[in-house]
Amino acid sequence: MKKILLSLFSLCALGAHADEGMWTLYNLPNAVYEQMKAYGFQLPMEQLYASDNAVKNAVVNFGGFCTGVVVSPDGLVFTNHHCGFDAIRQHSSVEHDYMLNGFISKSYEEELPNEDLFVSFMIDQRDVTDQIFPHLKGLSLNKQAEFVDSVENAWQKEIRQQDSTLRVEVKPFEDVRLVFAVPKSMGKFGGETDNWMWPRQTCDYSVFRIYADPKTNGPAKYSKDNVPYHPKSWAPVAMDGYKPGDFCMIMGYPGSTSRYLSSYGIQERRDALNAPRVQVREVKQEVMLRHMRASEAVRIMYESKYAHSSNYWKNSIGMNKCIDSIGLIGQKQQFEAKIRQWQDSTGYLKGELDFDKLAQLYQKRMKLTRLRTIFRETFYTFDDELTTRAWKCNWGIHVQGPKDKPKKQYYMFDDNSKEWDEATDCELLATLIRNYRQQVDKEYLPDFYETIDKKFGGDCAAYVKALYQKSILMKSGKPIYFNKKSYDKDLGVKYGISISEIMAKINDDLSEFKDDIAEQERLLCAAVLRMEQDLPNYSDANFTMRMTYGQIGEYTLGGRPSGYYTTARSLWEKMQKSDENFEYFAEPVMHELMAQKDFGKYADSLTGTMQLCFLSNNDITGGNSGSPIFNGKGELLGLAFDGNWDSLSSDIFFDRQLARTINVDVRYMLFMMDQWGHADRLLKEINAK
């Protein structure tokens with residue numbers, strides 16, 4: 001049966017200059033395509049989106065949080081190492097530490113299945129904004145969301161009337177297996193020291209394979225009988241490299257941007273979201289890192305959580321730095337003054353768009369937004385097991401009795417003791433509880449703080465220890481029987497109820513401003529679109545497939561050129577500094593590989609050396625990790641994996657002078673498969689030319 005995927009786009013779009021933008025492909029403006037050709041794009045427009053072997057057909061949504069690209073007739077997928085990191089971790093143990101040492105499968109049989117991991121292909125996109133927008137007027141945001149959720153049924157009926165073989169469906173491939181991973185020393189080289197920084201030498205990639213139903217070549221849950229997926233087309237790998245000014249484009253699934261956000265919204269992002277996020281994550285990361293460095297087993301348990309936390313900790317620091325360094329709030333205020341003048345002269349949205357009202361609403365909401373950030377960073381990131389289980393109770397994992405003993409009540413969690421460490425968890429939670437109390441008003445303290453003060457003498461560590469040792473929530477692997485009275489009195493259950501009550505209170509208090517602010521921001525966006533209606537425009541990113549185009553090249557900062565690529569020699573030189581910084585450690589074999597002088601077919605024809613990472617001026621954001629970067633012939637140059645420190649405000653403002661995407665060179669990736677992994681079967685399958 002044919003499948004078609006319709007995408008609902010953001011109701012606001014933003015005017016853009018030629019090289020800025022995350023463009024949807026089904027309606028790519030001709031002006032954009034002409035600019036792409038001027039830069040060196042060589043394919044007809046239908047090769048982007050509409051043909052059977054269109055470039056977009058090789059691009060996949062990887063796991064619902066990243067992007068990947070199919071590179072072989074047998075369903076091999078390249079994505080970033082940090083996108084595959086948790087899958088690698090789940091297969092790791094102290095005895096077989098694939099995170100630390102890497103993983104090489106020698107056959108199909110050795111490729112490792114991954115529970116809950118999927119990829120999906122985007123078949124088609126259509127803009128349905130005009131169909132649903134009239135129905136949203138006057139509805140609260142919650143009611144709007146409910147209406148949008150119901151739209152799929154209407155699409156289903158309409159499409160079946162057009163063609164009975166069509167249906168609206170998102171059916172992912174759920175059998176995705178780990179094939180190859182470089183050691184941590186290379187896949188995460190530089191760690192947080194180099195994260196978001198340039199120059200960069202990280203070999204940030206991993207390899208998976210899509211498996212399919214053997215009868216249909218279609219999506220299927222894991223089965224030993226499944227076979228490698230055979231796509232109609234895949235991305236050819238380029239070995240010719242690139243030079244400054246060369247055309248490049250990135251396709252992927254950018255998460256979210258807010259380019260139309262008001263100056264008041266940007267100030268809220270800086271002071272009430274980023275700043276408190278940095279503060280709380282610094283507290284938790286210190287505890288995690290100390291325990292991880294003391295124990296290999298603990299490192300395996302927490303490294304993915306630590307990486308997830310530290311990534312946007314540093315991003316938030318960088319974004320605030322950029323907001324202040326370029327005076328972004330002031331720039332937005334000047335632009336809004338221009339819109340006011342235009343509104344006064346045209347009368348457009350007069351009496352509806354009210355800048356003074358918007359300012360007052362944000363001012364009233366600021367403190368509550370900061371509070372919500374601190375709460376979520378403390379109690380809603382699922383870093384410790386007790387809080388994770390407490391939330392699961394709140395979400396309706398209900399107490400029940402067995403069929404043979406219906407009056408008995410029990411609660412049971414699976415035994416996941418290999419996923420967390422009690423000593424680490426206890427110190428982490430106690431530290432976060434202590435920090436939360438120091439950051440918020442008493443009005444927003446959960447009831448369990450009274451228990452800490454009255455029964456534990458104010459000792460957070462003692463309270464947390466009691467939670468882990470006495471609560472029924474921490475019993476695993478078999479039913480724990482109890483009566484309703486004892487359940488209600490359980491320390492962990494009461495903890496979960498108290499944090500859920502505070503979360504509800506915070507959300508209720510915020511709801512007073514939510515709809516009004518959203519409506520004013522929407523009207524502001526509408527005014528921008530009307531005022532700049534002669535410019536091409538693109539909708540804000542919302543994790544639907546987008547294309548961004550640009551050129552290979554460096555940037556200038558402080559009067560100095562950045563360079564547009566890094567070399568094996570630069571990586572080797574950093575490796576020599578591992579005594580000063582443990583994040584520059586690499587195994588002796590990596591020193592040998594990077595010190596050699598002849599890199600053979602992996603060397604660049606112009607520079608004579610192997611190039612590791614390179615810069616382009618593409619417009620990306622979170623979710624683009626693992627996105628393929630193509631040359632003008634639609635050939636794979638590498639994978640996007642990061643942005644540069646100097647433009648981390650790009651989610652809300654694209655700086656055309658400074659914004660750069662950091663990409664890992666596909667030749668570096670293949671070199672590691674060849675010279676370190678000796679993965680001849682994979683190299684033959686990819687057939688790079």
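Cysteine 66 and cysteine 83 are joined by a disulfide with an S to S distance of 2.1 Å, a disulfide being a pair of cysteine sulfur atoms within 2.5 Å. The structure is a predicted model, in which local features need pLDDT of at least 70 and side-chain atom pairs count only at pLDDT 80 or more, while totals for chains, interfaces and linings use all residues. Residues are numbered from 1 along each chain as its sequence is written, and side-chain values use heavy atoms, with hydrogens and water left out.

The structure holds one disulfide. Cysteine 66 belongs to strand 3 (residues 66-70) and cysteine 83 to helix 2 (residues 81-90), so the bond ties together parts that are 17 residues apart in sequence; helices (H or I, at least four residues) and strands (E, at least two) are DSSP runs, numbered from the N terminus. Because the torsion about the S-S bond of cysteine 66 and cysteine 83 is about -80°, the disulfide is left-handed. Both cysteine 66 and cysteine 83 are buried, where buried means under 20% relative accessible area, exposed over 50% and partly exposed in between, for a 1.4 Å probe and protein chains only. For cysteine 203, the closest cysteine sulfur is that of cysteine 613, 7.7 Å away, which is too far for a bond.

The table gives the accessibility of three further residues.

| Residue | Relative accessibility | Class |
|---|---|---|
| Cysteine 203 | 0% | buried |
| Cysteine 248 | 0% | buried |
| Valine 298 | 7% | buried |

Valine 298 lies in helix 9 (residues 296-325). Its C-alpha is 7.5 Å from that of tryptophan 420, although valine 298 and tryptophan 420 are 122 residues apart in sequence. Not counting residues up to four places away in sequence, valine 298 touches His291, Met292, Asp421 and Thr424, contact meaning heavy atoms within 4.5 Å.

Arginine 277 is part of helix 8 (residues 263-294), and its side chain makes a polar contact of 3.0 Å with the side chain of serine 316. A polar contact is a pair of N or O atoms within 3.5 Å; within protein, one must be able to donate a hydrogen and the other to accept it, and residues adjacent in sequence count only if both atoms are side-chain atoms. Neighbours within four places in sequence aside, arginine 277 is in contact with Tyr312, Ser316, Thr373 and Glu377.

The largest nonpolar core has 75 residues, of which Phe375, Phe379, Ile433, Tyr436, Phe448, Tyr468 and Tyr495 touch the most other members. Helix 17 (residues 491-531) gives the most to this core, with 15 residues. Such a core is a set of buried Ala, Val, Leu, Ile, Met, Phe, Trp, Tyr and Cys residues joined through side-chain atoms within 4.5 Å.

Helix 11 (residues 355-379) and helix 13 (residues 422-439) pack at an angle of about 170°, with their axes 10 Å apart; axes are lines fitted to C-alpha atoms, for helices over the stretch in contact, and angles run from 0 to 180 degrees between N-to-C directions. Helix 11 and helix 13 are therefore roughly antiparallel to each other, since angles under 35 degrees count as roughly parallel, over 145 as roughly antiparallel, 65 to 115 as roughly perpendicular and the rest as oblique.

In helix 15 (residues 460-470), the buried residues include Cys460, Tyr463 and Tyr468. The buried residues of helix 15 pack against helix 12 (385-394), helix 13, helix 14 (448-455) and helix 17.
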